[in-house]
Amino acid sequence: MKPRKLIGAALALALGATGALAAEWPDGPVQIIVPSKPGGGTDVMARIFADYLGRETGGDVVVVNVDGGGGSIAYNQVMTAAPDGQTILYNHTGLLAGYHTGHSDIGLDDFTTIGVAQSYAPQVYAVAPDAPWDTMKDFVEDARANPGERTVAVSLGRTTHFIAGLIMMNEDVDLKLLEASAEVDKVAAIQGGHIEMGNLGAGSAKQYEQAGDMKVLCLLDPEPHPAYPEYETCVQQGVNVSWLAPLVLWGPKGMDAELVQTINAATAGMAEDATAQEALKKADSVFTYYDVGSAADLMASEDAKIKALAEKLGLAR
């Protein structure tokens, strides 16, 4: 056989192998690796997704909790797995924040973005019921007139810190950021007058508001949320601040493109699956399908945004 024919034959065999890999997926149990302990928000969401994916594919899909090392143990487990789609990381964009703040050496380029599973429950910014601001626009205008005086509860170095940084970067205001990580701590600090504003889950914030204990300023989601039509987004109020909290599916680097497409396509039906939709509703979550290209674009955009925020906040690696 001539060299050119040998090359053609080898290429045909390779293409056949990758096609077979996609056609046979899942080939055994699929492990959804969650970098946290059981019972947390990411774990709960992962189990909703795993239940759906198992029913959709007819395969065995299991959630594996791998805690420790700020996520690095789980990340390494996926990075070193075979790129056959049987081991998938399920995590939020904390992976990107960890990399850009130097808490981890593992970042977006170490994985293959497969798709987006669902999003976390919507978040709002809230203040004490007797606070002088009724909207986020009121708060931002006050903060602009009083640099460094308005206080915001954050978990330093984590997502809430980045959201507050986004306000400062996009609206050109200087805020005083104070540590209050747990939601109960934020509520107590705001009600006690020690901190002026903090983010909460929309569901719990609504309960506090109905009880007369807090006042919601705006919804942080990019778009209005169907479960909370009474809350305007920050963007609707003219404040250039929104934060998407996607839960992302990442595989080992170098996965076959056809296999990635196959796994991604299996997620699309979650939007129409009655069981999944009921579970998401109870969890105050929604699913929006992203194809492979859209998911990769979203992650690239989020990565660039988080990198810029890390630099703005003086947290960059």
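Which strands does helix α9 (residues 257-267) lie across? Helix α9 lies across β3 (87-91), β4 and β10, and runs at about 0° to β4. The structure is a predicted model, in which local features need pLDDT of at least 70, side-chain atom pairs count only at pLDDT 80 or more, and totals for chains, interfaces and linings use all residues. Residues are numbered from 1 along each chain as its sequence is written, and side-chain values use heavy atoms, with hydrogens and water left out.

**View 1. An open sheet of five strands.** The strand order is β2-β1-β3-β10-β4, with mixed pairing; strands are DSSP runs (E, at least two residues) and helices are DSSP runs (H or I, at least four residues), numbered from the N terminus, and two strands pair if DSSP finds at least two bridges between them. Because β2 (61-65) and β4 (111-119) stand at the edges with a single partner strand each, one side of each has no neighbour in the sheet. From one strand to the next the twist averages 30°. Strands β4 and β10 (residues 246-252) run antiparallel and are joined by seven bridges, and Ser 119 has Pro 246 of β10 as its bridge partner.

**View 2. Two nonpolar cores.** A nonpolar core is a set of buried Ala, Val, Leu, Ile, Met, Phe, Trp, Tyr and Cys residues joined through side-chain atoms within 4.5 Å, where buried means under 20% relative accessible area (1.4 Å probe, protein chains only). The largest core has 48 residues, and Tyr 125, Met 136, Ile 167 and Met 197 have the most contacts inside it. Beyond its neighbours within four places in sequence, Met 136 is in contact (heavy atoms within 4.5 Å) with residues including Tyr 125, Ile 167, Met 197, Leu 217 and Val 239. Apart from this core lies another, of 30 residues, among them Met 45, Leu 53, Ile 88 and Leu 247.

**View 3. Helices α6 and α11.** The axes of α6 (residues 159-171) and α11 (residues 292-312) come within 9 Å and cross at roughly 80°; axes are lines fitted to C-alpha atoms, for helices over the stretch in contact, with angles from 0 to 180 degrees between N-to-C directions. The two helices are therefore roughly perpendicular, a term that covers 65 to 115 degrees. Among the residues making the contact are Phe 162 and Leu 166 of α6 and Ile 306 and Leu 309 of α11.

**View 4. Strand β6 and its partner.** Both faces of β6 (residues 151-154) are covered, with Thr 151 and Ala 153 buried on one side and Val 152 and Val 154 on the other. Four bridges join β6 to the parallel strand β7 (residues 176-179).

Terms used
Buried means under 20% relative accessible area, exposed over 50%, partly exposed in between (1.4 Å probe, protein chains only). Angles under 35 degrees count as roughly parallel, over 145 as roughly antiparallel, 65 to 115 as roughly perpendicular and the rest as oblique.
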